[in-house]
Amino acid sequence: MLELRNLNKRFGALQVTRDVSVSVSATTCHALIGPNGAGKTTLIHQISGVLQPDSGEIMLDGRNLLPLSMDQRAQAGLSRTFQITSVLPSFSVLENVAIAVQAKSGSSMRFLRRAARETALNARAMEILTRIDLVDRAHMRAGDLSHGELRLVELALALAGEPKLLLLDEPMAGLGQRESARLIDFLGSLKGHIPMLLVEHDMDAIFKLSDSVSVLVDGAVVATGTPQQIREDPITRAAYLGEDTV
Amino acid sequence: MDRAFTTGLAIFALLLIAPMALELMGAGYLSGLLIKAMLLAIAAISLNLLIAHGGMVSLGHAAFVAVGAYAAAIALESGIENILVLLAITLAVTAAVALVTGALALRTSGVYFLMITLAFGQMIFFTLSSLAAYGGDDGLTLWSLATLWGSDVVQNGSGLYFVILATMIAAWWGVHRISEARFGRVLRAARDNPQRTAIMGYNVKRYQLVAYVIAAMIAGVSGLLTMQHAEFVSPALAAWQRSGDLIVVVVLGGLSSRNGAILGAFFIVLAEEILSQFLHEWRLLYGPLLVVMVLYAKGGLSDLLSRPAKA
Amino acid sequence: MSLTLFLILVLNGIQYGILLFLIAAGLTLVFGVMGFINLAHGVQYMVGAYLVFAFYSMTGSFGLAMVLSLVTALAFGLFLEFFIFRHLYERSHLDQVLATFGIIIFLNELAKVVFGPTTLSIDPPEFLSGSVQLTEQLRYPVYRFATIIAGLVVAAALFAIVSYTRVGMLIRAGATSPEIVSALGVNIKRLFMIVFGVGAMLAGLAGVIAAPIFAIEPGMGDNILIVAFVVIITGGIGSIGGAFVAALLVGLIDTLGRSLSVELLSAVFSPSVANQIGPALASMLIYVLMAAILIFRPKGLLPARGVA
């Protein structure tokens with residue numbers, strides 16, 4: 001589903017992405033791990049269109065994403081969450097999701113009908129909120145939610161557009177034990193239905209969710225394999241020396 | 001029917017009977033003041049769409065009022081008398097100018113957007129000043145005005161007051177509908193978080209450009225009616241201080257309110273009129289008033305008028 | 001166009017540019033370091049001009065008047081900073097535009113009330129009057145020449161301070177990363193006050209210098225303020241070097257443009273038409289420049305990169 005081939009990017013003298021090639025097939029969850037500063041978020045930015053790689057290819061379902069802008073990639077079926085929560089603070093949670101649904105439900109160059117009353121959009125939004133168990137927050141202003149709840153909203157926004165591929169940038173960031181477990185369960189339910197590229201530090205999540213793992217160090221992929229293989233891989237252990245043990 | 005809607009209706013009802021009531025009180029000349037306020041309100045309503053809903057602060061919006069006024073004036077001088085045709089011309093010309101300047105301006109954002117809209121406003125000001133055939137710096141006095149298929153009902157002393165009132169109501173209603181529709185929602189989402197909105201799948205710049213053009217067209221209509229009322233157009237309509245005045249009106253009235261632009265416009269016009277009766281140098285009060293307002297009364301007039309319920 | 005006339009125009013353009021630099025320097029630092037849009041910077045310029053007029057009338061000595069004006073301008077700038085602007089640094093640009101707009105309105109009216117609405121003028125000081133013979137055909141007013149020299153000296157001093165002193169380093173750092181400077185424990189309030197005060201004084205100096213050349217009238221700061229914004233955008237926000245280059249560029253383009261445009265247009269249109277359209281189109285030139293910079297090189301000609 002997603003093919004990254006020989007991606008390269010540098011900022012001035014700093015090479016942040018070195019000849020990266022990653023593959024995510026249509027039914028799997030592929031994890032991307034690595035120490036801080038390895039270039040994981042930068043890679044997600046390049047796939048989603050926030051940054052442009054210097055060279056290489058990005059293919060989604062056989063389609064070249066590079067000439068497409070951020071919004072065009074979303075329309076092509078790509079969806080992502082942000083490491084630092086990025087929602088629409090002045091709207092309610094329901095409206096946040098409804099707006100995300102709206103993006104894929106026909107033209108938004110409509111000037112007369114009240115959008116908040118479109119039952120189809122609201123129903124679909126409610127459906128998503130029900131699945132992630134956020135219904136009781138539906139009418140709260142997004143800006144007033146707790147951090148944990150906002151991570152869920154991030155996910156809801158990413159799912160709203162019925163994406164072909166989900167890019168998850170540290171969805172568990174800043175969550176407590178219980179909230180993390182809840183999120184892992186939910187992502188587990190998505191497994192097999194939607195292909196995912198998961199960037200995470202939480203090893204528990206990696207083990208429970210991913211079918212394969214790529215290890216990124218200093219912008220380059222140093223190892224690829226199943227979670228079990230990666231856990232035993234000496235290069236990866238060395239890279240993580242002093243950090244969370246694999 | 002929410003509070004804001006009824007407040008709006010109340011204002012319109014008052015304005016509807018005002019000319020007659022004023023005439024009875026022997027103060028018929030005050031209708032002119034109300035017209036001035038309404039013309040300002042129409043332009044302010046359009047800027048409100050940009051600032052409050054779009055998060056786009058333009059310091060060159062008054063230029064579109066001027067473009068509208070001049071487009072109509074030049075057409076009138078060329079022999080086109082029918083106000084409906086003039087309206088079409090005004091809309092077309094302002095839309096064209098807005099499309100070009102907006103597309104360029106929207107390549108920037110934030111304070112750079114502020115500056116580039118200022119630059120375009122100045123360019124328009126100087127262009128209008130250079131139109132020697134139409135009065136240049138001094139402006140152009142119109143010897144004949146627009147008519148509605150020959151009838152002078154759309155002129156001063158006849159129905160112009162009501163035409164302007166109807167236009168203001170239409171603008172008020174229109175901008176509100178737009179803001180509640182899918183388009184407006186995307187615009188506000190982009191104001192909140194442009195990157196998130198783009199990631200959702202929206203071409204943010206396109207929506208902002210459309211908003212910019214719509215706002216410009218409404219401002220242009222204000223210009224057309226200003227020409228019709230004042231029987232005069234001048235490049236001063238595009239001065240950057242006028243753009244600043246428009247921002248004051250919008251913020252003073254209250255950005256989050258549906259009636260903010262109208263309240264702000266009437267307040268400014270009436271305050272200026274009243275203050276200037278007492279104190280020739282009323283700006284000595286007006287200036288500090290603005291500063292105090294910014295420092296202490298963030299929500300503007302409508303916030304002050306309707307605490308705690310938001311209008 | 002004769003060479004002499006051209007040279008005079010170039011000198012005038014440089015002189016106008018120097019003036020713009022003095023105003024823009026303060027503006028770019030205030031905006032770059034504090035993120036504060038100060039529309040009222042133009043009135044600092046006006047205040048400088050009126051102050052020198054007042055003090056000159058009172059004391060009869062231009063030098064003394066200049067010193068008094070600068071001190072007063074500095075005090076006035078600090079006064080505004082302390083009581084009003086300080087509260088606006090954290091606010092949105094919209095709020096800053098509005099508040100400073102209010103100050104412009106107030107001060108323009110105050111000038112009208114105190115000094116009257118008509119244009120005032122003062123003569124250049126005795127020792128700077130007359131003209132200097134630059135070439136066989138070219139005579140140039142001493143005063144204008146002196147302002148160019150003075151402006152260059154100030155520019156050099158400013159550049160030296162910003163590049164080589166500790167305060168200057170903090171200012172440069174503040175222009176690129178204000179949060180870091182604050183996190184380093186530097187008294188950010190005092191830094192801001194210094195930046196603001198110096199900026200106000202420079203604008204006041206520009207006003208003092210301009211007083212014998214241009215007309216002194218209420219609102220004189222408004223239009224030059226806009227040009228100053230063109231300068232700082234073109235040069236790069238927060239960059240002194242950028243402001244200098246851009247100011248000279250703008251000064252030359254504007255001055256030369258106004259005269260040459262009529263000449264060039266005369267080739268196509270009739271002289272009377274050219275005379276009317278020319279200046280207006282020339283006035284547009286600098287805005288076209290700014291729009292072009294914003295679109296093609298938004299960081300400006302010499303962006304602040306920790307280097308002034």
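**Interfaces and sheets**

Chain B and chain A bury about 3000 Å² between them, and 56% of that area lies on carbon and sulfur atoms. On the side of chain B, the residues that lose the most area to chain A are B:Arg182, B:Arg185 and B:Arg196, which together account for 32% of what that side buries. The model under discussion is a predicted one. In terms of contacts, 28 residues of chain B touch 38 residues of chain A.

The polar side of this interface deserves attention next. Between chain B and chain A there are 18 residue pairs in polar contact, counting pairs in which both residues have pLDDT 80 or more. The elements of chain B that give two or more residues to the side touching chain A are helix H6 (160-180), helix H7 (182-192), helix H8 (194-200) and helix H9 (204-230). Of the elements of chain B, H7(B) gives the most to this side, with eight residues. By residue class, the side of chain B that touches chain A divides into 13 nonpolar, six polar and nine charged residues.

Charged pairs also occur across this boundary. Side chains of opposite charge can pair when their charged atoms come close. The count between chain B and chain A is three salt bridges. In a salt bridge between these chains, the side chain of B:Arg196 meets that of A:Glu154, at 2.9 Å from N to O. B:Arg196 also belongs to the three arginines named above for the area they lose to chain A.

The discussion now turns to the other interface of chain B. Here 39 residues of chain B are in contact with 41 residues of chain C. The two chains bury about 3600 Å² between them, with 82% of it on carbon and sulfur atoms. B:Met115, B:Trp240 and B:Val294 supply 17% of the area that chain B buries against chain C, more than any other three residues.

Polar pairing between chain B and chain C can be described in the same way. Three residue pairs are in polar contact between chain B and chain C, both residues being at pLDDT 80 or more. Three helices of chain B each supply at least two residues of the side that touches chain C: helix H5 (110-129), helix H10 (240-253) and helix H12 (283-296). H5(B) gives the most to that side, with twelve residues. The residues of the side of chain B that touches chain C divide into 26 nonpolar, eight polar and five charged. One salt bridge is found across the interface of chain B and chain C. In that pairing, the side chains of B:Arg283 and C:Glu109 meet at 3.7 Å, N to O.

Salt bridges are also found elsewhere. Over all chains, a search of the whole structure finds 19 salt bridges. Within chain A, A:Lys9 forms a salt bridge with A:Asp54, the closest N and O atoms being 3.8 Å apart. This pair links distant parts of the chain, 45 residues apart: A:Lys9 is in strand S1 of chain A, while A:Asp54 is in the loop between H1 and S4 of chain A.

Strand S1 leads on to the sheets of chain A. Strands of a sheet pair through backbone hydrogen bonds, either parallel or antiparallel. An open sheet of four strands in chain A has the order S2-S1-S4-S5, with antiparallel pairing. Its edge strands, each pairing on one side only, are strand S2 (14-24) and strand S5 (63-64) of chain A. Strand S4 (residues 55-60) of chain A is joined to S5(A) by two bridges, and these strands run antiparallel. The bridge partner of A:Met59 in S5(A) is A:Asn64. Helix H1 (residues 40-48) of chain A lies across strand S1 (2-11), S2 and S4 of chain A, and runs at about 115 degrees to S1(A).

Chain A also contains an open sheet of six strands, in the order S6-S7-S8-S3-S9-S10, with mixed pairing. The edge strands of this sheet are strand S6 (78-80) and strand S10 (220-225) of chain A, each of which pairs on one side only. From one strand to the next, the twist averages 20 degrees. Five bridges join strand S9 (residues 212-217) of chain A to S10(A), and the two run antiparallel. In S10(A), A:Thr224 is the bridge partner of A:Ser214.

Technical notes:
Residues are numbered from 1 along each chain as its sequence is written. Chains are lettered from A and ligands numbered from 1 in the order in which they are written. This is a predicted model: local features need pLDDT of at least 70, side-chain atom pairs count only at pLDDT 80 or more; totals for chains, interfaces and linings use all residues. Side-chain values use heavy atoms; hydrogens and water are left out. Contact means heavy atoms within 4.5 Å. Buried area is the accessible area (1.4 Å probe) that two parts lose on being put together, summed over both. A salt bridge is a side-chain nitrogen of Lys or Arg within 4 Å of a carboxyl oxygen of Asp or Glu. A polar contact is a pair of N or O atoms within 3.5 Å; within protein, one must be able to donate a hydrogen and the other to accept it, and residues adjacent in sequence count only if both atoms are side-chain atoms. Ala, Val, Leu, Ile, Met, Phe, Trp, Tyr, Cys and Pro count as nonpolar, Asp, Glu, Lys and Arg as charged, and the others, Gly among them, as polar. Two strands pair if DSSP finds at least two bridges between them. Axes are lines fitted to C-alpha atoms, for helices over the stretch in contact, and angles run from 0 to 180 degrees between N-to-C directions.
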